[in-house]
Amino acid sequence: MIQRFALPSPATTLKRGAARHDPFRSRRAATAAVVCALAVALAGCGGTTKKDNDNGGAAKSDAKADPDAPLKKGLKLAFLPKQINNPYEKLVDEAGIAAVGEFGGKGKEVGPSDASASSQVSYINTLIQQRQDAILIAANDPNAVCGPLKQAMKKDIKVVAYDSDTAPACRQLFINQASSEEIGRSQVQHLAKQLDYKGQIAILSATQNATNQNTWIRFMKEELSKPAYKDMKLVKTVYGDDDDQKSFQETQGLLKAYPKLKGIIAPTTVGIAAAARYISGSSYKGEVVLNGLGTPNQMRKYVKDGTVEQFALWDPKKLGYLGSFAAAALASGQITGAEGEKFKAGKLGEYTVGKDGEVILGPPTVFDKANIDKFHF
């Protein structure tokens with residue numbers, strides 16, 4: 001059964017069942033409250049520290065993998081997306097939750113309504129209290145969630161990042177859509193061909209702290225530094241915060257601020273759809289090339305009306321499905337997250353854990369008029 005809800009704050013439970021006044025009980029309660037507050041603070045601090053920003057490799061485990069171990073029955077898996085109302089992440093999480101049923105587990109999705117850096121911390125703390133077997137998280141910030149995730153792993157709760165990674169030391173696995181380098185460089189390559197390698201371009205990203213977005217943008221900039229792109233110039237990177245209206249306004253602002261702008265890369269499904277909506281109803285249609293990452297259902301009308309020639313994405317349902325089986329393999333002891341370990345992901349077949357606990361789903365698909373009607377997600 002698919003559950004989608006935001007969890008109440010753990011603090012609300014403190015108001016229930018108040019007892020009659022007892023000075024000794026009051027003293028004991030006050031002491032307990034202080035201890036509890038300190039524990040929560042230690043587990044949930046959102047600041048970036050040197051320790052939390054450890055990129056030296058995935059979290060290590062003393063356990064040994066047993067590839068022949070069966071998947072445990074009754075596993076509890078929780079998906080924690082960047083934000084609960086993100087259409088793309090809804091596709092990922094619902095497919096992942098459905099996959100949990102294939103191995104007799106229970107899955108749910110919880111999360112914040114905004115994509116701020118620390119918005120996921122309280123949800124992690126609550127999932128720890130609920131003793132989930134695994135937490136799957138698309139991180140809004142690579143380090144803000146590290147404190148509570150490390151607490152989860154200490155309690156033998158497996159942590160799997162998907163879509164947007166945490167610092168490697170804060171999880172056992174990262175389920176990546178495709179090679180980050182391939183995604184970033186291909187975005188520039190596709191746009192450059194459409195622009196004949198000339199003109200000003202801009203990037204419309206999601207949030208400033210999103211790990212996946214920033215990694216892709218880094219590779220975009222590296223690609224643009226090559227001699228082939230000497231006549232192309234990146235003039236601005238703006239952030240729509242994966243919010244439809246803000247992304248729409250940022251697109252409008254870019255085109256007004258840079259009248260010679262020839263292309264926009266939007267590596268976010270919310271951003272590319274909002275940008276396409278603005279361009280389709282403006283004088284920039286046919287003048288400014290828009291490319292990036294989007295879902296076929298969102299972008300179909302913009303491809304067919306000529307606003308967008310092409311865009312790319314992987315199958316988000318397969319990403320969620322793979323994430324569930326990876327988390328189950330971890331929780332069942334089949335793998336520990338070490339490089340070279342293999343596990344079976346149901347109908348997707350066998351996957352191998354790569355460096356720093358990364359598991360890659362596969363290459364993205366490019367959508368255009370010729371194939372878009374073959375895809376429905």
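I looked up how α8 passes α9 and found a left-handed crossing (near helix turned anticlockwise from the far one by less than a right angle). The model is predicted; local features need pLDDT of at least 70, side-chain atom pairs count only at 80 or more, and totals for chains, interfaces and linings use all residues. Residues are numbered from 1 along each chain as its sequence is written, and side-chain values use heavy atoms, without hydrogens and water.

I noted the axes next. Those of α8 (residues 269-280) and α9 (residues 296-304) come within 10 Å and cross at roughly 25°. That makes α8 roughly parallel to α9 (angles under 35 degrees). I listed the contact residues (heavy atoms within 4.5 Å). From α8 they are T269, I272, A273, A276, R277 and S280; from α9 they are Q298, M299 and Y302.

I then turned to the rings. The structure holds ten aromatic pairs (ring centres within 6.5 Å; planes under 30 degrees apart are stacked, over 60 edge-to-face, the rest tilted). Y321 and F325 form a tilted pair, 4.9 Å centre to centre with 35° between the planes. They sit four residues apart in helix α10 (residues 316-331), so about one helical turn separates Y321 and F325. I checked burial: Y321 and F325 are buried (under 20% relative accessible area).

F343 and Y351 form a stacked pair, at 6.4 Å centre to centre and 25° between the planes. I found both F343 and Y351 buried. Last, I noted one aromatic cluster formed by F311, F367, F375 and F377.

Technical notes
Axes are lines fitted to C-alpha atoms, for helices over the stretch in contact, and angles run from 0 to 180 degrees between N-to-C directions. Helices (H or I, at least four residues) and strands (E, at least two) are DSSP runs, numbered from the N terminus. Angles under 35 degrees count as roughly parallel, over 145 as roughly antiparallel, 65 to 115 as roughly perpendicular and the rest as oblique. Rings of Phe, Tyr and Trp (its six-membered ring) pair if their centres lie within 6.5 Å; planes under 30 degrees apart count as stacked, over 60 as edge-to-face and the rest as tilted. Buried means under 20% relative accessible area, exposed over 50%, partly exposed in between (1.4 Å probe, protein chains only).
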